[in-house]
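Please look at the model shown here before reading on. The paragraphs below go through it element by element and then residue by residue.

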Amino acid sequence: MFKRLISAAVLLPAALWGGGASAAPVTLTVASFPSFDEAVKVAIPEFKKKHPDVEIKLVSLAYPDHHTAMTTALATGANLPDVMAVEIDFIGKFAESGGLEDLGVAPYNGLQYQKQFARFTYPQAMSGLGKLAAMPADIGPGALFYRKDLLDKAGVSEAELTKSWDGFVEAGKKVKAATGAYMIASAVDLKDIYIRSGLKDGEGIYFDKGGKVLVDSPRFRKAFELAKAARDAGIDGKIGAWSNEWGEGFKRGKIATQMMGAWLGGHLASWLAPDTKGQWRSAQLPAGAFASWGGSFYAIPKKAANKAMAWEFVKYMTLDRDQQLRAFRALDAFPALVSAQEDAFVDQPIAFLGDQKARQLWKVSASRIPATAVHRQDPVALEIVNAELENVLEKGKDIGQALADAKAQIEKRVRR
């Protein structure tokens, strides 16, 4: 009897979507990617307690394959899941695709929950017309991870590392001379984190509120100059992120620092370089910068088969404090839900980081990150900017010309 009452309560919202009152079991298809898919895996047992007539079918593909498959599915209307995981680099493109439900309006009314999340998350998931394309699940407060043992050997303090961006490059020279380790994996990393710092509410990384291209701004010029200074000083390893060489560099102590989202700490501990436990520390970004690096969302395609239950699942993954904390503990992906950030888990020491209470730093960073916007052409802009930076680093192209050319190329692509 109790189970039947639950079933009726679960299926009742389906009427809001035009569904019937059938008691047939529901299979909810959730499409995700590693390691964000781990959040779904840890959620299934508890979600099934709340919804025993619902089966969760998790379809997980590698990060690029997942987003390529979802791009195709949204374009064709075929092979769509009920719930779609989306990483921040693709949220702007997907939000403007017209293929996702607007979760801000009835029957979802998701805007009512905005104040429960880190303030910069909702703007990231908004389309240019103000439609809420997805709900935030986790965030990536920008952090500087560094090998304390290597810095100690070079006589470099954390303060030298973080006082200024130029000071970071100078500290890198000392580290390279004393240890032979590269300060950073790639000069591109400096560009990537710098262009995300110093932004204002409503401004995007590559485009402003009105869609104007920003890549010829002083922010991008300084980012290119820092990258070139690092390359000229020989302190970057020319190693691409997520490559085998990148992982080996961490394992063998050949890379002294890495600036990324706070979630990198979990990756280092679990699979990138677990044997380096105790040697890493985390710090805020140089020059008092606060930036968002990564973040994951859940969206519902317009042609999803089970929208009512999909919304129940999305709410559970994003608004349920206990589930947010389970994902936090499993992935060390910082929760988007503010109430989950207030848990005592944030104050616990992290053994991998030498018992540093690093989550406290990440919480501060999360509270200071501006509410910036995303644009559907962000992935295109990223590709073009990286190509022009490569011209600067490898071919000696003038920075001003490179940025002017990047702007022209992006504007041409936007006009198509």
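In strand 3 (residues 83-87), 5 of the 5 residues are buried, so this strand is largely enclosed by the rest of the structure. Buried means under 20% relative accessible area, exposed means over 50%, and partly exposed lies in between (1.4 Å probe, protein chains only). Helices (H or I, at least four residues) and strands (E, at least two) are DSSP runs, numbered from the N terminus. The model is a predicted one: local features need pLDDT of at least 70, side-chain atom pairs count only at pLDDT 80 or more, and totals for chains, interfaces and linings use all residues. Residues are numbered from 1 along each chain as its sequence is written, and side-chain values use heavy atoms, with hydrogens and water left out.

Which way do the side chains of strand 3 point? Val83, Ala85 and Glu87 point one way, Met84 and Val86 the other way, and all are buried. In a regular strand the side chains alternate between the two faces of the sheet.

Strand 3 has partners. Two strands pair if DSSP finds at least two bridges between them. With strand 7 (residues 292-299), strand 3 runs antiparallel, and 4 bridges join them. Here Val86 stands opposite Phe297 of strand 7. With strand 1, strand 3 pairs in the parallel sense over 2 bridges, and Met84 of strand 3 stands opposite Ala31.

Strand 1 (residues 26-32) is also largely enclosed by the rest of the structure, because 6 of its 7 residues are buried. Strand 1 pairs with strand 2 (residues 54-60) as well, in the parallel sense and over 7 bridges. In that pairing, Thr27 stands opposite Glu55 in strand 2.

The view now widens to the whole chain. How many helices and strands does the protein chain have? There are 18 helices and 8 strands. A compact globule of 416 residues would have a radius of gyration near 22 Å, and the protein chain agrees with this, having 22 Å. That radius is taken over C-alpha atoms, and the globule rule is 2.2 Å times the number of residues to the power 0.38. Along its principal axes, the C-alpha trace spans about 70 × 50 × 35 Å.

Of the 416 residues, 54% count as buried. The protein chain exposes about 17,600 Å², of which carbon and sulfur atoms supply 52%; accessible areas come from the Shrake-Rupley method with a 1.4 Å probe, and for residues only the protein chains shown count as cover. Contact means heavy atoms within 4.5 Å. Among the contacts with a separation of 6 or more, 73% are between residues 24 or more positions apart.

Some single residues show such contacts. Ser365 has its place in helix 16 (residues 358-368) and is buried, with a relative accessible area of 0%. Not counting residues up to four places away in sequence, Ser365 touches Pro141, Gly142, Gln284, Phe290 and Ala291. Leu393, in helix 17 (residues 378-395), counts as buried at 12% relative accessibility. Leaving aside neighbours within four places in sequence, Leu393 is in contact with Ala187, Ala227, Lys228 and Arg231. Leu393 and Arg231 are 162 residues apart in sequence, yet their C-alpha atoms are 7.0 Å apart in space.

The loop between strand 6 (280-283) and strand 7 holds Ala289, which counts as buried at 10% relative accessibility. Leaving aside neighbours within four places in sequence, Ala289 is in contact with Trp165 and Ser197. Ala287 lies in the loop between strand 6 and strand 7 too, but at 43% relative accessibility Ala287 counts as partly exposed.

The backbone supplies the last topic. Most residues other than glycine have a negative phi, and most peptide bonds are trans. Ala287, not a glycine, has a positive phi of about 60 degrees. Asp355 also has a positive phi, near 65 degrees. Asp355 is found in the loop between helix 15 (338-341) and helix 16, and is exposed, with a relative accessible area of 51%.

Where are cis peptide bonds found? One runs from Pro34 to Ser35, with omega near -5 degrees, and Ser35 is in the loop between strand 1 and helix 2 (37-50). Another runs from Ala106 to Pro107, with omega near 5 degrees; Pro107 lies in the loop between helix 4 (88-95) and helix 5 (121-124).
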